[in-house]
Amino acid sequence: MLHPRFKPQEALVCAMVLMAAADRQMSDAELGMMSRLVQELPVFSDFHPSEIGNVTETCLSLLEQTDGLDAACTIIRDALPPRLRETAYLLACEVGAADGDLTQEELQFLQDFRIGLDIDRLIAGAIERAARARYQVI
């Protein structure tokens, strides 16, 4: 099957979708987080939120293929300039943290995603910790 080519903003949305789908269920908290991030972050300033649905469908169809996660990571990496790869990882972490503790599937996805995007382990750890700290409750 031919793989899609994403624009950088679509690749960032795909990163969030992959994280939300990692445990086979997209929670309302994860979907809400994705929507807020697209509406609020400067990197999405000229991206219309209505495009989220199309990107989501494309990402989910990739996951149905053999080696779909690897293909999705490659598509994301190829669509992003190196300076936005950490942003993709951060967005995935933000979505994962939105609904509380990460499941084993989500943790495995983050590890695979970090490797796929070639993000240094220490940088990834700092990003993960920052996302976790933002969503602590009393």
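**Entry 1: α6, span and faces.** The expected span of a helix is 1.5 Å times one less than its number of residues. I note at the outset that this is a predicted model. I started with α6, which has 14 residues. From first C-alpha to last, α6 reaches 20 Å, close to the 20 Å expected.

Next I asked which residues of α6 are buried. I got Glu-106, Phe-109, Leu-110, Phe-113, Arg-114, Gly-116 and Leu-117. Viewed down the axis of α6, these buried residues fall within an arc of 160°, so they line one face of the helix. I looked at the other side of α6 too, and found Gln-104 and Ile-115 exposed there. The cover over the buried residues of α6 includes α1, α2, α4, α5 and α7.

**Entry 2: α1 against α6.** I took the pair α1 (residues 8-21) and α6 (residues 104-117). Their axes come within 9 Å and cross at roughly 145°. From α1, the contact uses Ala-15, Leu-18 and Met-19. From α6, it uses Glu-106, Phe-109, Leu-110 and Phe-113. I sorted the residues of this contact by type: 6 are nonpolar, none is polar and 1 is charged.

**Entry 3: the core.** How many residues does the largest nonpolar core have? I read off 44. Val-13, Met-16, Ile-76 and Phe-113 have the most contacts inside this core. α1, α2 (28-40), α3 (52-63), α4 (68-79), α5 (82-97), α6 and α7 (121-134) each supply at least two residues. α1 gives the most, with 10 residues. As background, nonpolar side chains tend to be buried together in soluble globular proteins.

I followed up on Phe-113. I left aside its neighbours within four places in sequence. Phe-113 is then in contact with Ala-15, Cys-73, Ile-76, Ala-88, Tyr-89 and Ala-92.

**Entry 4: α3.** I repeated the span check here. At 1.5 Å a residue, the 12 residues of α3 should span 16 Å, and its end C-alpha atoms are 17 Å apart, which agrees. The buried residues of α3 are Ile-52, Val-55, Thr-56, Cys-59 and Leu-62. Down the axis of α3, they fall within an arc of 125°, so they line one face of the helix. Asn-54 and Glu-57 are exposed on the face of α3 turned away from the buried side. I looked up the partners as well: the buried residues of α3 pack against α1, α2 and α4.

**Entry 5: α7.** The 14 residues of α7 should span 20 Å at 1.5 Å a residue, and the end C-alpha atoms of α7 are 20 Å apart, which agrees. I listed its buried residues: Ala-124, Ile-127 and Ala-131. Seen down the axis of α7, they fall within an arc of 65°, so they line one face of the helix. They pack against α5 and α6. On the other side of α7, Arg-121 and Leu-122 are exposed.

I put a number on Arg-121. Arg-121 has a relative accessible area of 61%, over the 50% cut-off, so it counts as exposed. I also took a distance to Ala-71, 50 residues away along the chain. The C-alpha atoms of Arg-121 and Ala-71 are separated by 21 Å.

**Entry 6: Glu-94.** Is Glu-94 buried or exposed? Its relative accessibility is 5%, under the 20% cut-off, so Glu-94 counts as buried. Glu-94 lies in helix α5. Leaving aside neighbours within four places in sequence, I found Glu-94 in contact with Met-33, Leu-37, Ala-131, Arg-134 and Tyr-135. Ala-131 is also one of the buried residues of α7.

Entry 7: Most residues other than glycine have a negative phi. I therefore noted the exceptions I came across.

- Asp-67 has a positive phi of about 60° although it is not a glycine. I placed Asp-67 in the loop between α3 and α4. Asp-67 is exposed, with a relative accessible area of 54%.
- Asp-118 also has a positive phi of about 60° and is not a glycine. I placed Asp-118 in the loop between α6 and α7. Asp-118 is exposed, with a relative accessible area of 67%. Asp-118 follows α6.

Note on methods:
Residues numbered from 1 in each chain as written. Predicted model: local features only at pLDDT ≥ 70, side-chain atom pairs only at ≥ 80, totals over all residues. Heavy atoms only, no water. Axes fitted to C-alpha atoms, helices over the stretch in contact; angles between N-to-C directions. Helix = DSSP H or I, 4+ residues; strand = E, 2+ residues; numbered from the N terminus. Contact = heavy atoms within 4.5 Å. Nonpolar A, V, L, I, M, F, W, Y, C, P; charged D, E, K, R; others polar. Core = buried A, V, L, I, M, F, W, Y, C linked by side-chain atoms within 4.5 Å. Buried < 20%, exposed > 50% of the residue type's maximum accessible area, 1.4 Å probe, protein only. Arc of directions from axis to C-beta.
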